[in-house]
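Have the sequence and the 3D view ready.

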Amino acid sequence: MASSKYITIFIFGILSTLLAQPHGGGGYGKQMGKGCEISGAVIDSLTSIPLEYTSISVMGEDNQVVTGGVTNSQGKFHIDKIRPGNYSLKIEFMGYAPVIIPGISLSFRGSRTRDVGIIKLQPSAIELEAVKVIDDKPIFEFETDKLIYNSSDDIIADSGTAEDVLNKVPMVVVDQDGEVTLRGNPNVKILVNGRPNRTGEGGNDVDNIPASLIDRVEVITSPSAKYDPDGMAGIINIVLKKGKYEGLNGSIKINGKHNSYGSIGDMNGFTTYGNYKSEKWNLYSSLSLNNRQRNMNGYRRVDTEYDATNILPILPDSTESIYYDFINESDRVGHSVKFGVDYSITDQLVVNGEVNYNVHLRNGVNNQNNILPIPSLRITEDYDFDDNYNLEGFFEINKTYDNPDRELIFSASSNFKKDNGYKILVLGSSDADSTYLGQDISETQLDFSYKHPLNENSKLEFGYDGKFTDNNENMNFQLTADEGVFSGENTFGYNRNIHGFFFEFDYKLNDKFSIKPSIRYEYVDKNISFKSNFTNNTYSSIIYADILNEMNDSVFVSDYHTIYPNLHFTYNITEKQSLQFGMSKRVNRPGEGGHGPGSRQIRPFPRDVYADNFIFMGNPFLKPEYSTQYELSFKSPIPMGFAYANLYYHQLENVIKWYDLDTLSNGQLIEGDVLTFVNAASGENMGIEFFTMIMGQTFGGGYNLSKLEDPTGDYELNGNSQRIMLYNRINFPEKYIKYFDFEFGFFFMKMTVPGGDLFGAKGTMWANTGISKSFMEERFSISLGINNLFDAGGFQMKREKPLIGPFTNGYFKATEFTDVSTSRHGRTFTINIKYRFGQMQRERDRNRPGRKEDGGGNMDMGF
């Protein structure tokens, strides 16, 4: 009987909607017909998320249904053409306890209309014979401005880190070096719970976030003005788990890995998460302990061939070569503790506080075997201090109102990070040279926003966000050479304040078309200072000394204003099929972290003084890079699934680009590679992305073309790059194949750059696979996986570029040939064991498919 009751309600709701549409009744926002009216809104009592397709039944005094309808995508309903009389209202939705509102009197002389306000439905288990829905979210979801990947039950990524999870998200790639890119662009803003990522060495380092703590990943490629405009490619928001079920709930997970470089004793993790929720309080906490081992090996070869002239013919020594191979090994230990609390002062006023404490330590050995021009061996060791830590505090006030479109949020967060360590040269010098590296970073963020509905079809939102950063670094180095000991101290300071104000207007013209213009104003002031004190002698054999001799101590102060206009349109072709157009302005702020750890992008001196042939240094005089972006996306259901496609075109200004510095200011050819950043004058970025899911199986890919132009004619600042990528995910749940869950996925990428290619001339493919089995009525599960199934390599580069002199050896032209290959980890076997407990698990047990009382039937309520 329970089954037929709910099915009848569901069918009635659908038929009511379909029958009402041609006549303008039953749906919210339609023109009022004759008669009385009832309106309101329905939301989840725990998350305040509007509940679409909630069944609304208007019942007479005999408890018989007179009329009804369903809620729209905003959770609202409006039922008209009701005869005068006394009624009760019944609100029902699968997975929630029904609500009945009695005593609704309607009359033409009294109250012809009745707004029942916001109705909050309480989640509960559904005891149906034919339909079972408990906490089964689709793998992918689309909202107005974002794509969502729900990772809670990912059987492959669950034993790894956020890197493994992000590699499952369409358009997102994490390469073998840990660099995160969105549509092939590394300049992406990564957030954790809506706040800047502070878990690793830089803003885009996510290797310290355990996958078992991640609830979902949100990808926003065309953000409106309410979002921080930093990140040319868009925003990736990693949302961590936070309990929402009544009572005590949680999980315990342990995992381990094995490959040719280490085993479970070296690579393992333990994570426990729990929350306790009552009527007023929600307490949540997590503890994560992990040990990781990273192994990177490869080689780098650079050949410089000088062109002959009338004066200087080709000589035997007219080709210079640098060739070395390397093995870098490191042990990484991480501990993280989080404790948070939500307190509901009233049903519409919630206060949240959270404290996060992280410790991530790295100890490693780097072996570089120099083959050309002079054979030698260099070994360095890195040690992090045991008292390094990262501490963050967060506070938020959330005020909602009877109208779900009205909301006020204020939040404040403060973060301090201490990162000190030693680098020791143990082989390569007559004495054991050492370098001390110290860094203190403090960051504060304030956010305020207020949303207010103007009427049923329009609302506005405005707010402020402030970000205040203070970064101080110092470095004491020592390096022994044939001429003596080269030593000194470098200091670097970076202070930046950003004040942002935004205004956003959302207007729904009709059921088909809506528009959302927005604008943002920012004021930025920054102060960069750097100073070097070192021995005055000249050390011709040390490239590091040459670089420091080129530098001048400086203080660089800059402040500027920027306006960011944005415009978004949505056209609903049908109820489930839509077109969206977005125009937005984005920025890549130097030092923010889009190309790796933020401060190294602008720090003007290298941190590794012992690197003979490959040195990285920042550029404090970089200009902000701006992008005006145009995007058109299409979403549509297809037979047994859905499809998504996106076209984009970006106009770029002051493009920040990696740059291989070949010569010093005196024309001296640098013996080795010195990598830095410079601005190219302009550029374009365009491409297409597609993504489909059919019967739960995913396939997608894309093509990207990037162009750079600079009036200097510099080879590295001009030219085109192309990228092709394909990915696939096959997933068969246990309920289909009877024995276990099975998953397989691959990612393929091919890139061409001026003068050569990256990741191989034919491209590179990485693949993962895994199985999972549940026991004890799904309380306990174990999964086995293989990462990098085909043992594919990592970053590869083969390219050539022209060099223009004159050089100190008398030549005027040369060609540089570079061949680089790296590999990280290799094929890795994983094991993950998980145990769930609490009310959430009891509801999953009660309603899991396959129980005898199910009657043999179930319905998959995926996307």
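Is Asp 465 buried or exposed? Asp 465 is buried, with a relative accessible area of 4%. Buried means under 20% relative accessible area, exposed means over 50%, and partly exposed lies in between (1.4 Å probe, protein chains only).

## About the model

This is a predicted model: local features need pLDDT of at least 70, side-chain atom pairs count only at pLDDT 80 or more, and totals for chains, interfaces and linings use all residues. Residues are numbered from 1 along each chain as its sequence is written, and side-chain values use heavy atoms, with hydrogens and water left out.

## Salt bridges

The structure holds 24 salt bridges. A salt bridge is a side-chain nitrogen of Lys or Arg within 4 Å of a carboxyl oxygen of Asp or Glu. Asp 465 takes part in one with Lys 467, and their closest N and O atoms are 3.3 Å apart. Lys 467 is buried too, at a relative accessible area of 11%.

Next comes the bridge between Arg 729 and Glu 743, where the closest N and O atoms are 3.1 Å apart. Arg 729 belongs to strand 35 (residues 719-732) and Glu 743 to strand 36, so this pair ties together parts that are 14 residues apart in sequence. Helices (H or I, at least four residues) and strands (E, at least two) are DSSP runs, numbered from the N terminus. Arg 729 is buried at 9% relative accessible area, and Glu 743 is buried at 2%. Salt bridges with shared partners also build one network from Lys 189, Asp 228, Asp 465, Lys 467, Arg 520, Glu 522 and Arg 589.

Arg 112 and Glu 37 form another salt bridge, with their closest N and O atoms 3.5 Å apart. This pair links distant parts of the chain, 75 residues apart: Arg 112 is in the loop between strand 6 and strand 7 (113-121), and Glu 37 is in strand 1 (residues 36-44). Arg 112 is partly exposed at 29% relative accessible area, whereas Glu 37 is buried at 5%.

Which strands form the open sheet, and in what order? Four strands form it in the order 3-2-5-6, and the pairing is antiparallel. Two strands pair if DSSP finds at least two bridges between them. At the edges are strand 3 (65-70) and strand 6 (99-106), each pairing on one side only.

Strand 5 (residues 85-92) and strand 6 pair over six bridges. Gly 85 stands opposite Leu 106 in strand 6.

## Cores and a buried helix

A nonpolar core is a set of buried Ala, Val, Leu, Ile, Met, Phe, Trp, Tyr and Cys residues joined through side-chain atoms within 4.5 Å. The largest one has 46 residues, of which Val 180, Ile 236 and Ile 238 touch the most other members. Strand 36 (residues 741-753) gives the most to this core, with four residues. Apart from it lies another core of 19 residues, including Ile 82, Ile 91, Ile 101 and Leu 106.

Why is helix 3 described as largely enclosed by the rest of the structure? Helix 3 (residues 543-550) has eight residues and six of them are buried, so it is largely enclosed. The buried ones are Ile 543, Tyr 544, Ala 545, Asp 546, Ile 547 and Leu 548.

## Aromatic rings

A search of the whole structure finds 28 aromatic pairs. Rings of Phe, Tyr and Trp (its six-membered ring) pair if their centres lie within 6.5 Å; planes under 30 degrees apart count as stacked, over 60 as edge-to-face and the rest as tilted. Phe 385 and Tyr 436 form a tilted pair, 5.9 Å centre to centre with 40° between the planes. Phe 385 is partly exposed at 23% relative accessible area, and Tyr 436 is partly exposed at 21%.

The ring centres of Phe 530 and Phe 621 are 6.4 Å apart and the planes stand at 75°, so this pair is edge-to-face. Phe 530 is buried at 5% relative accessibility, whereas Phe 621 is partly exposed at 46%. Ring pairs also link Phe 747, Phe 759, Trp 766 and Phe 795 into a cluster.
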